[in-house]
Amino acid sequence: MNETPDWDCIVVGGGAAGLSAALVLGRARRRTLVVDAGRPSNRHAHGIGGLLGHDGRPPAELYAHGREELARYPSVVLRVGEVVGGEPLDGGFVLRVEDTSAGGPQRERTRRVLLATGMDYQPPELPGLAELVGRSVFFCPFCHGWEFRDRPLAVLNASPFAAHLALLLRNWSDDVVLLTDGPAPLDAADRERLSAAGVRIEERQLAGLVARDGELREVAFAEGEPLPRAGLLVHAGLRQRSTLAAQLGATAAEPTPMATDAVTVDGMSRTTAPGVFAAGDVVGRPPLVANVIAGGASAGAMVVQSLVAEEHGLPFPPGR
């Protein structure tokens, strides 16, 4: 750039990955701006399951605690807002930040960008489902299966992975029903496995979910009696909520059952756009919060390494 950039790195997203990356950058005394739109993908969950030291803690509490930790590092600034656009410029980047307190988009110049923009879950459309997400409807058995242990559960899935998911949920309950919303795409071997595990297959067409007091009580069908259930595991693919990665030149990976358009990264958290790194749900890895925090920390460290290499004429990655 012709002038000194305002920031060494702008972290786009203030969820688990973004805050973790910013902590590493702050401890390395790097000028870091975190722009947080306040929409983490797990914001509806009662608690975070399986995160050592924070098991069961509500997501909002974890993020508030993370922001308090960042406040101790004078080189880190956190803004509530959204990055609405950006482009490469003179070896760095200019991002347009819609800051809720600034009255309009602000242009911020940075040497590096770390994308932690997260993803949006895309659950199936079913009457009554959206209202129960984060309560009786969950997407990850490792995150929320324990809270529904020993209760009547169901899995809604009609993909080739349906049997796997239903058998996985058997870790937490002996009463599991696989819902396929029509003829089940199961071969004879899968049907035999499910039968041997005591998992019933329900192929009737679904009509919706019935809740009382904010919790799932029954699964309703187009015909016949409803099925009493206390929890429902649903496969919900992930999709990017921001176009910023594409604007900066980072390519998306091929669609997978987990994510339709995850950002491609290498082992150093680098995207295909030089100077742009990414971490968290946006890279399409299993969205366990422990994984996301670790990915953010690693990406932050790689950004620091790349800056040092640039400043001192060192190879990057180190040791090349």
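Entry 1: I looked up arginine 29 and found it exposed, at 73% relative accessibility; exposed means over 50% relative accessible area, buried under 20%, and partly exposed in between, with a 1.4 Å probe and protein chains only. Although arginine 29 is not a glycine, its phi is positive, about 65°. I place arginine 29 in the loop between α1 and β2 (32-36); helices (H or I, at least four residues) and strands (E, at least two) are DSSP runs numbered from the N terminus. I then turned to aspartate 150, a residue other than glycine with a positive phi near 60°. Aspartate 150 sits in the loop between α3 (141-144) and β8 (153-156) and is exposed, with a relative accessible area of 66%.

**Entry 2: basis.** I note that this is a predicted model, in which local features need pLDDT of at least 70 and side-chain atom pairs count only at pLDDT 80 or more, while totals for chains, interfaces and linings use all residues. Residues are numbered from 1 along each chain as its sequence is written, and side-chain values use heavy atoms, with hydrogens and water left out.

**Entry 3: helix α2.** I checked the length of α2 (residues 59-70): its twelve residues should span 16 Å at 1.5 Å a residue, and the end C-alpha atoms are 17 Å apart, which agrees. The expected span is 1.5 Å times one less than the number of residues. I list Pro59, Leu62, Tyr63, Gly66 and Leu70 as the buried residues of α2. They cover an arc of only 95° around the axis, which puts them on the same side of α2; the arc is that of the directions from the helix axis to the C-beta atoms. These buried residues pack against α1 (16-27), β3 (76-89) and α7 (289-312), contact meaning heavy atoms within 4.5 Å. Exposed Ala60 and Glu68 are on the face of α2 turned away from its buried side.

**Entry 4: strand β5.** I followed the pairing of β5 (residues 104-115), which is parallel to β1 (residues 7-12) over five bridges; two strands pair if DSSP finds at least two bridges between them. Valine 12 is opposite leucine 115 in β5. With β4 (residues 92-99), β5 pairs in the antiparallel sense over seven bridges, and glutamate 98 stands opposite proline 105. Three bridges join β5 in parallel to β16 (residues 276-278), where valine 276 is the bridge partner of valine 113.

**Entry 5: cis peptide.** I recorded a cis peptide bond from phenylalanine 316 to proline 317, with omega near 5°. Proline 317 lies in the segment after α7.
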